[in-house]
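Welcome, and please keep your viewer open beside this text. Each stop below tells you what to select and what you will find there.

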Amino acid sequence: MKRSGSITFWVYLLLGMGATLMFLPVLWVVLSSFKGLEEIYRIPPTFFPKRWIFTNYTGALKQFPFLLYLWNSVFVTCTATALTLLINSMAAFALSKYHFPGRNGIFLVMLGTLMIPLQVIMLPVYLVIARLGLANTLWGIIIPPAATPTGVFILRQYMLTISDELIDAAKIDGARDFRIYAQIVLPLTAPALAVLTVFSIMWRWNDFLWPLIVINQEKFFTIQLALARFRGELVVDWHYVLAMTVMSILPITFVFAFLQRYLVQGIASTGLKG
Amino acid sequence: MKRTKIPLAPYLFLLPNMVVFSVFIIVPAGYNFYLSLFDTSPFRPAEFIGLGNFLYLLQKDDLFRRALENLVIFVAGDVGGMLVGSVIIGLLLNQKVKLRGFFRSAFFYPVLLSPVVVALVWQWILNNQFGALNALLTTLGMKGTPWLLVPHWSRFWSIFVHLWATLGFYSLIVLAGLQSIPAELYEAALVDGADRKQQFLYITFPLLLPTLMTVLVLSTIRGFEIFDHVYILTGGGPGTATLMMVQYIYRAAFQMDQFGLAASASFLLFVIIFLLTVVQYALGKRREAI
Amino acid sequence: MKRTIGILTVLLLGLSMATVFAAGKQEAKPAPATAPTTVRFVWFTDGPDKPAIEGLVAKFNQGNPDIKVEFSIVPFAELNQLLTTQAAAGQAPDMARVTEPYRFFQYLLDIRPNLKNANFPKEFMDEPMKLVTGANGEIYGIPHDLTMNGPFVNVSLFKKAGVALPASDKVTWEEWMKLAKEVKEKTGVPFAATADRSGHRLDGFLQSYGGGFFTEDGKGLRISSPETRKGLEDFVRYHKEGIMPLDIWAGGTGYVGANQQFVNGLLVFYISGNWQVAQFNETIKDKFEWKAVPNAFIKQWGGMPGGKFLVAFKGKAPTQVVRLMEYLGSADSMTEYASKAMFLPTRKDLLQKGVQYPVRNEDMNTFIKGLANLPKSAFVDNYHLRFGPVANEVRDRITQAITGEITVDKAIELAEAKARELLK
């Protein structure tokens, strides 16, 4: 099929404009992080720094144990993601491949919990955490968000599209439930799992309010918690905020760049499915 | 008549997830409802007033009604934008163009940023004196506007910034949905002489509907829960033009010390979202293929 | 079939409840006699106080090897929430710097039994001390620093505009506004005058009119009194006339400060408080000349006191936390802290003697003088148990009046109705 040239032009144009809109604000933040405070407050603002300075970064790093926060964030994000993938996929499997009493009810309840944002149940949730002895531990911020209804939702929707014939065939061959889950359904769900992985990494990395409530010792702070400290100063040190922000975006950008190829592959492979 | 045995397996698979749910969401939510039946104060024991808080909110509290109004406007714009935007972007990203990977990263990038970062960045861009947007407009010969100080602009930008930060997420979902449509269907349609518009209307759109249902349900729920982005961007202003429900609750609980009232408001919010979701789910079920 | 579901659901809920309640609180382990007792100290910072308090904590740790003070800083915006949730779960720190001690009374420790110097509580200013005193005379802590509201002026801008500063100390807000407007027009800066978006600042503004929030006995309201009404009408009018910008007061329901505008030379007249002096000194440096001026005098002097408190929570280190408190509240520590952090002291002896500040001595003492001139109503308001929420309500309603959502009269009506609710 011959593609009309003008459509291609529009596609490129729109994509280009969209990409610019997505990147430009962040680019501006990155550039601003190399500006001195006076230049940041200049009217009219400059785009490229007139003078490139690195003291925003060195100053921020000197004041705070950034590597420690980084480690905490990494540990929490990875562990929480692994846990999320495990229990969400198990739940999604049950909700999509079985018929049992209470199936719809449970799914509705799960969807319902999507509607209860943390801001609203903060106090009672913390009480629960403390009673379980999870206060001020990294596990206290790993476990509670792991049972995310969004994850179950995404995985279930995807698992619904997996043909039942494969499963029936496996049953006839004598495979037990767990084997069906682990060796047939899970691999086939890879693209959705990849999506959930990326989301979970992002959510846990950016979690702020919940870690703030649970953690009260500096040695357990995550990066976002540390970033938030700047909000505590009456005068927001914009130049430090910008530098720390850029540093906090770097790891997740890198991880995403790596996983994104896998994502594309995953999505592409489903297109070939008969 | 023999009854089919209820399988044990699904319950076991569900168990870990449900335990975490119950302990960390359902039990606290129950306590929250319990709290909503009381008139609380830091200085005296709570008084049981039954539905008193609810009646107050619905009949006498102008801020509550304002927050609800604002929220409905926000969700309408936000979900609408999300549906249209994610389809357009999904379609664009599905095209066979060079640098496809780059473009996908580009749209997903803002999704990676924390709401704090997103809001600060845009607050800075929209700043009346130092902002990049007004600077751009003045160099083009137009006048700058105090964007976040004009009520309808403030509402517009709240929606825009949230879309900016979230479209990539839903676009990926739509993209996955688009890619699961078998290519043979398009090939067959071509053979039958269908043009692009017909292909879209009769193949793409119908098969994309389950995905769009996902987008609709998720974005509606998230829309009603909006807080971080808007609160940091506008503070709910100017005046109360962008005061949303979660901010109302937050203010009642932590700035006005009225825990019982806050609990009631959050319960009402929950009810609204719950009803909407049930309706959407029921409508969606009729269209679900499997 | 339905029964099975029912049973399973009940079992599941029961399992969760059991998990939650059976786990119970953690048992406190008695500290071994040889290891130092940990005292957790939570702080929030305005900036320059950080090195001052860290220095004092380090000295205390050195001089008291049997105690280890674990010092941590949290953002101010989340302070109350954090402490409430932690205290409710029995996980409160041992000492904390707070602005509203009353919120935590049920969790606080009466320090009297463990005091070395029984007269300690009386060494501090009376009015603020009331705020850490329980209904039966329990002493939960001490006021640690005082703040005073007051305006700052960008003197360089006045000079540039060729406008003279008022000769007398007794100036009305109207006069200040006129001058600020003139300076703005002649110099082209974006902002003439403003105050931080805070009910506390607003009340200080109102005091000059003889207005305020609460009656002297603390039991009634003055929000709709003619004096308060006049003040609020003026405040809204200054916004409508463009003298005060919308940027600060038209925002939603949070605190907004105007530091950035003033520090960058864009604001002529800024109603804030003494806690800014140290930061201004560091960030403005020689960029322009500025100074603190007295609050306006209409019917009486304006301004509001404020302050932070150190409170002790019930916990595992009752004697140690009191030792820390007596150390931090001593005349030597407080002199060091106040002069380093550029704060006002709370000890009666220091307020009388005055404090010699290393920099900006004149500005700081303008504030100390302002404190002495404050009408009693200012203290009544600030230290009223419900001042926080009432101030928030007035602030938010006035914002609505400023943006034109409601009239000033309606704002006053709604604010007073809510305040009455909160007083119950």
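How far apart do the C-alpha centres of domain 1 of chain C and domain 2 of chain C lie? They lie 29 Å apart. Before you select them, some ground rules: this is a predicted model, in which local features need pLDDT of at least 70, side-chain atom pairs count only at pLDDT 80 or more, and totals for chains, interfaces and linings use all residues. Residues are numbered from 1 along each chain as its sequence is written, chains are lettered from A and ligands numbered from 1 in the order in which they are written, and side-chain values use heavy atoms, with hydrogens and water left out.

**Stop 1: the two domains of chain C**

Select residues 37–146 and 306–353 of chain C for domain 1, then 149–305 and 366–423 for domain 2. These bounds come from an automatic or database domain assignment. Domain 1 of chain C brings 16 residues to the contact and domain 2 of chain C brings 18, where contact means heavy atoms within 4.5 Å.

The area buried between these two domains is about 1,500 Å², and carbon and sulfur atoms give 71% of that area. Buried area here is the accessible area (1.4 Å probe) that two parts lose on being put together, summed over both. On the domain 1 side, colour α4 (126–130) and β8 (305–312) of chain C: these are the elements that give two or more residues to the side touching domain 2. Helices (H or I, at least four residues) and strands (E, at least two) are DSSP runs, numbered from the N terminus.

Across this interface the rule finds 0 salt bridges, a salt bridge being a side-chain nitrogen of Lys or Arg within 4 Å of a carboxyl oxygen of Asp or Glu. It also finds 1 residue pair in polar contact, both at pLDDT 80 or more. A polar contact is a pair of N or O atoms within 3.5 Å; within protein, one must be able to donate a hydrogen and the other to accept it, and residues adjacent in sequence count only if both atoms are side-chain atoms.

**Stop 2: confidence in chain C**

The chain C average is 87, with 91% of the residues scoring at least 70. Then select residues 18–32 of chain C, where pLDDT stays under 50 and the model has 13 contacts beyond four places in sequence.

**Stop 3: where chain A meets chain B**

Show chains A and B together: 92 residues of chain A are in contact with 80 residues of chain B. About 8,300 Å² is buried between them, 80% of it from carbon and sulfur atoms. Between chain A and chain B the count is 0 salt bridges and 4 residue pairs in polar contact. Pick out helix α1 (residues 5–32) of chain A, which gives the most to the side touching chain B, with 15 residues.

**Stop 4: a helix in chain A**

Zoom to the start of helix α9 (residues 164–172) of chain A, where a side-chain oxygen of A:S163 reaches to within 3.1 Å of the backbone nitrogen of A:E165. Just after α9(A), check A:G174, which takes a positive phi of about 95°.

**Stop 5: chain B**

Finish with chain B, which has 12 helices and 2 strands.

Terms used. pLDDT is the predictor's confidence in each residue, from 0 to 100.
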